[in-house]
Amino acid sequence: MEAFLQSSSTAVKACSQGNTPFHVVLGNESCDLDSVMSSLALAYFLSRTASVPGSSVVVPVLNILQSEFRLRSDIIFLLKEAGISTQSLLFRDQLDLAGLHDDKRLDLTLVDHNVLPCTDSGLEGAVVEVIDHHQLERTTSSSCPVTLETVASCATLVTDRILTKAPEILDRQLALMLYGAIVVDSVDLSPEAGKVTPRDTLVVRRLETQFPDLPQRGALYQALHKAKFNLSGLTTEEILLKDMKTVAGGDLRIAVSSVYMTLDCFLQRLTLQQELCEFCHARRLGALVAMTISFSGQSDEPLRELAVYSSSSLYRQEISHALLSVRSPPLRLSPISSPYKDILAYHQGNAHGSRKKLLPVLKGFLSDWERRQVHYGEDGEGLEDQFNQSEVNFDLADDLQPRIYSASRHHRRRLLGAEDCAEEDYCGGAVPPTPMNSLVDGCPLDAGFNQEDLLEKFSRMGSREEEEGKGRDGQ
């Protein structure tokens with residue numbers, strides 16, 4: 001494995017500007033332990049079993065910036081235990097995937113996710129295979145085989161592939177990497193955690209039988225768990241980036257971060273609301289959902305709590321309402337006190353409601369959000385869709401569906417009046433270069449939002465335009 005990683009790194013530096021084709025194995029954007037170990041192991045498998053060795057450079061790419069890797073303390077720990085140098089790893093900012101795809105030199109295999117995020121949608125044509133354990137989101141085709149099973153860990157499926165098709169390449173080093181990922185994702189094969197499946201257990205037993213000198217499973221789990229939950233010295237930004245995924249729909253992007261501490265500790269961080277505001281502003285996020293995870297020490301069942309942050313009260317309410325309304329599976333959220341006006345906090349009664357199960361809910365919400373948006377024309381002179389009061393329901397308690405009316409700055413000024421739309425400070429600093437098309441706190445429509453006032457302004461605007469039209473006709 002070490003020799004393979006070093007040769008891949010060398011080949012990237014030597015061949016990225018030439019004509020050599022690349023076969024990249026890419027994990028998901030959270031770049032967690034499972035994603036990394038699965039991508040490394042599968043890339044090694046592909047390089048060793050290629051029908052024409054050397055026909056393309058097989059490269060595992062970690063789907064984060066190189067500068068963020070130091071935050072993955074559990075990954076660093078396991079690679080060190082396996083004797084893998086982190087200097088031989090390749091990161092997303094070290095290889096131009098879009099450029100390779102444009103040059104028709106890229107094949108892409110996805111592990112631990114089955115659909116590319118919107119920021120990578122241009123690479124979809126390069127995807128040749130998928131191995132994943134999440135809910136299927138992509139349209140299957142004969143040109144792109146998909147291996148998908150909802151096991152605890154994607155590493156379970158990668159290990160099974162190796163054991164089935166090339167057992168001779170599996171040595172203790174590779175076994176330890178895969179073993180560690182499965183043990184962590186299955187919570188040490190604990191039935192109480194609600195993650196482990198018979199397939200995970202079978203693969204773990206096979207690894208333990210074939211390599212009896214692997215670390216004791218419980219001890220390895222505790223060591224990796226401790227490394228993963230070690231947040232000492234990290235800023236709020238780094239804690240959020242440590243394990244984050246994003247979803248998007250229309251003009252709304254939401255980050256979902258797993259935060260390895262209690263919600264109470266998270267909310268007690270100094271200047272938290274200011275930091276979250278700056279974090280979202282820097283990444284053009286409309287909202288952030290922090291899913292805190294902690295353990296009592298008396299049970300393998302995690303304590304899960306959830307915080308919804310947005311500077312837009314509309315976003316906070318809509319996202320929270322969507323999560324509160326989830327039925328399959330129900331998160332069983334109950335509100336708890338928050339010291340910040342822009343953060344809604346909840347205790348999560350369903351300890352098995354992980355991010356893996358929450359993300360499809362948010363994607364469904366965003367799909368509806370995008371579908372129901374009413375956009376103004378790009379030139380600011382007309383509506384693309386006719387405003388219809390009868391189709392609008394402003395009662396959040398009765399209607400889960402999103403309701404937002406996005407306007408160009410020109411139209412917002414006409415609707416609200418120029419004096420109401422004066423630029424205001426954002427997070428105590430500069431105004432964002434590309435403001436979200438939403439009603440943010442500080443806008444005159446926030447805090448006492450009145451639908452009659454808004455409709456009256458639409459009516460007045462229409463009357464003014466009609467009078468102006470008559471005046472022009474009379475000239």
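Modeller: The loop between helix 6 (172-185) and helix 7 (198-210) holds Leu 189. In this predicted model, Leu 189 has a positive phi of about 60 degrees, although Leu 189 is not a glycine. Most residues other than glycine have a negative phi. Leu 189 is buried, because its relative accessible area of 10% is under the 20% cut-off.

Thr 271 lies in the loop between helix 10 (263-267) and helix 11 (272-282). The phi of Thr 271 is also positive, near 55 degrees, and Thr 271 is not a glycine either. Thr 271 counts as exposed, because its relative accessibility of 52% is over the 50% cut-off.

Helix 6 and helix 7 each give two or more residues to the largest nonpolar core, which has 59 residues. Other elements that give two or more are helix 1 (2-15), helix 2 (33-49), helix 3 (73-82), helix 5 (154-165) and helix 8 (217-228). Among the residues with the most contacts inside this core are Met 37, Leu 40, Ile 162 and Leu 170. Beyond its neighbours within four places in sequence, Leu 40 is in contact with residues including Met 1, Phe 4, Pro 60, Leu 79 and Met 177.

Note on methods. Residues are numbered from 1 along each chain as its sequence is written. This is a predicted model: local features need pLDDT of at least 70, side-chain atom pairs count only at pLDDT 80 or more; totals for chains, interfaces and linings use all residues. Side-chain values use heavy atoms; hydrogens and water are left out. Helices (H or I, at least four residues) and strands (E, at least two) are DSSP runs, numbered from the N terminus. Buried means under 20% relative accessible area, exposed over 50%, partly exposed in between (1.4 Å probe, protein chains only). A nonpolar core is a set of buried Ala, Val, Leu, Ile, Met, Phe, Trp, Tyr and Cys residues joined through side-chain atoms within 4.5 Å. Contact means heavy atoms within 4.5 Å.
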